[in-house]
Amino acid sequence: MELDKMDENDWKYHGEGNKSLVVSHLQVCIHINSKQAFRHILNIVDYSKYVMKPLLGEKYVHSGEVVKLPLDFVRQLSLKVQQERPELRCDKVMDTFSGCGLCLPNLTQLPLHHLRDHRPPICVEIKPKCGFLPFSRHITKECKRKVCRFCMHQHYKLANGKWKRLSRYCPLDLFSGSKQRMYVALKNLLEEPQNNLKIFKGGELIFSCKDDAKQQPELNDLIQHLRPYFSHSNGLYNGHQPGKAILNEFIQVICSALLSGGDSNRSGEPRKVHLSESRPHCEASPFPRDLLRNGNHGLPKDSVLAKILQVQMLDNLDIEGIYPLYKRVEQYLEEFPKERNRLQIDGPYNESFMDKVKNCPTEDDGSVEYAVGKVHQYRVAMTAKDCSVMITFAPCEEDEEQQLKLEKPRFTYSISILDLDPKPYEGIPHQYKLDTKIVNYYLRSTQAPP
Ligand code: ATP
Ligand code: ZN
Ligand code: MG
Ligand code: MG
């Protein structure tokens with residue numbers, strides 16, 4: 001990319017999150033943020049490179065690089081994309097830009113997608129959220145051991161007007177490794193995507209939550225988009241509920257990608273792992289309880305979900321166990337403010353930070369080192385609870401014989417993990433309060449008064 005020749009007309013609005021606006025140009029994406037200066041973005045790159053990548057696996061993480069952007073280009077670009085931004089996000093003004101950006105490969109595209117096939121890649125982005133029930137002995141409310149955080153949070157979000165309808169998605173079903181439960185989880189995401197599911201075709205967003213929260217997502221439009229990729233199922237079902245058959249196959253492709261080792265060129269039955277020490281099912285999930293016995297096969301060891309879950313589970317004390325340790329660190333820092341650097345509270349996120357994460361003592365010896373190690377681990381787990389998985393796939397190539405035999409279509413795919421920025425140390429008191437609010441609200445709204 002030649003930075004001095006950048007023209008805003010080559011770039012288009014791609015999406016945005018809470019912190020960054022994302023623009024894309026064929027094979028690359030740039031995240032632009034109004035407040036983040038060079039050091040801040042470098043922290044995000046380092047964190048991804050030295051912490052998240054070793055934990056989640058080389059093949060899933062693309063760390064990207066910091067780029068300096070001509071201020072004039074950014075100004076023109078922000079004007080250009082303004083009208084494309086969703087109304088829901090427009091309360092965030094993108095006025096003063098630092099002139100820095102984070103450049104990443106465009107993960108909605110396939111790097112080696114040969115143009116022999118006319119069908120562009122489909123990309124499914126899932127924000128899976130926390131996939132286990134906390135098992136810490138510091139937990140004070142019994143319901144946290146039975147109902148997952150996502151399901152409890154839904155009630156709170158509904159009450160606060162964040163969403164108009166409850167999502168029936170439960171992360172524990174997605175992370176179960178049981179095809180049946182994963183199928184139900186993905187179906188529920190399609191029915192109520194909120195901010196947990198987006199679908200792109202050739203880099204363009206074709207399916208996500210509606211700006212107007214009252215409107216249902218257009219499953220029929222999605223089916224029309226997907227039809228050319230699953231044409232054999234049109235014949236197979238002979239016009240009988242063909243849309244349903246297409247969605248069914250689509251979900252199965254996502255499922256097998258999620259259960260694979262990362263790319264489509266591997267075979268053999270992978271080793272399964274059972275990561276959770278806790279109850280593997282959430283009581284709020286709509287998955288029928290009598291079918292649970294057939295499920296719970298665990299996740300294949302190298303699968304993207306196993307990797308994410310493993311990092312999420314670095315949070316083994318729960319926020320209720322972490323908060324007192326945070327206070328221990330705070331008290332220590334009050335007395336020895338210069339220690340903040342040595343303890344790497346705000347980074348740098350390098351190998352030495354990673355050492356503190358990996359080599360934290362298992363037992364509390366009362367030291368500040370233990371407290372800092374656990375707080376670091378908690379923050380790393382929080383990143384893994386908030387990341388997104390991108391599954392990008394395209395038909396291997398059109399094969400007429402295969403079409404005639406009505407064989408299942410074959411896809412080539414690639415999986416990546418995205419949105420791996422560090423969660424702030426200062427956010428811990430807020431997380432503690434939020435946890436209490438969510439749990440109390442859940443108890444009040446689901447338990448009838450005596
Ligand atoms: P969040 O509110 O989820 O924390 P964020 O501000 O950290 O969001 P991202 O999630 O990193 O921002 O990016 C916002 C959206 O832009 C993503 O959900 C995704 O759809 C898109 N996006 C980001 N990076 C890429 C990429 N490298 N390739 C393709 N799409 C991307
Ligand atoms: Zn749940
Ligand atoms: Mg983020
Ligand atoms: Mg995100």
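Predicted model: local features only at pLDDT ≥ 70, side-chain atom pairs only at ≥ 80, totals over all residues.
**View 1. Leu 26 sits in the loop between two strands, β2 and β3.** Strand β2 covers residues 21-25 and β3 covers 28-32, with Leu 26 in the loop between them. Look at the backbone here: Leu 26 has a positive phi of about 50°, although the residue is not a glycine. Is its side of the story buried or exposed? Leu 26 counts as exposed because its relative accessible area is 64%, and the cut-off for exposed is over 50%.

**View 2. Asp 419 bridges two magnesium ions.** The two ions, ligand 3 and ligand 4, lie 4.3 Å apart, with Asp 419 as the bridge. Asp 419 has 33% relative accessibility, so it counts as partly exposed.

**View 3. A cis peptide bond joins Gly 347 and Pro 348.** Follow the backbone from Gly 347 to Pro 348 and you will meet a bond whose omega is about 0°. Pro 348 is placed in the loop between helices α11 (339-342) and α12 (351-358).

**View 4. Strand β6 is largely enclosed by the rest of the structure.** Why can we say this of β6? The strand runs over residues 122-126, and five of its five residues are buried, so the rest of the structure largely encloses it. Ile 122, Val 124 and Ile 126 point one way, while Cys 123 and Glu 125 point the other way, and all are buried.

**View 5. Strand β6 is joined to β7 and to β11.** Which way does β7 run relative to β6? The two strands run antiparallel, and five bridges join β6 to β7 (residues 197-201). To find your place in this pair, look for Val 124, which stands opposite Ile 199 in β7. Strand β11 (residues 388-395) also runs antiparallel to β6, and five bridges join these two. Here Ile 126 makes a handy landmark, as its bridge partner in β11 is Val 389.

Methods. Residues numbered from 1 in each chain as written. Chains lettered and ligands numbered in written order. Heavy atoms only, no water. Donors = N, O, S within 2.8 Å, 3.2 Å for Na, K, Ca; no water. Helix = DSSP H or I, 4+ residues; strand = E, 2+ residues; numbered from the N terminus. Buried < 20%, exposed > 50% of the residue type's maximum accessible area, 1.4 Å probe, protein only. Pairing = 2+ DSSP bridges.
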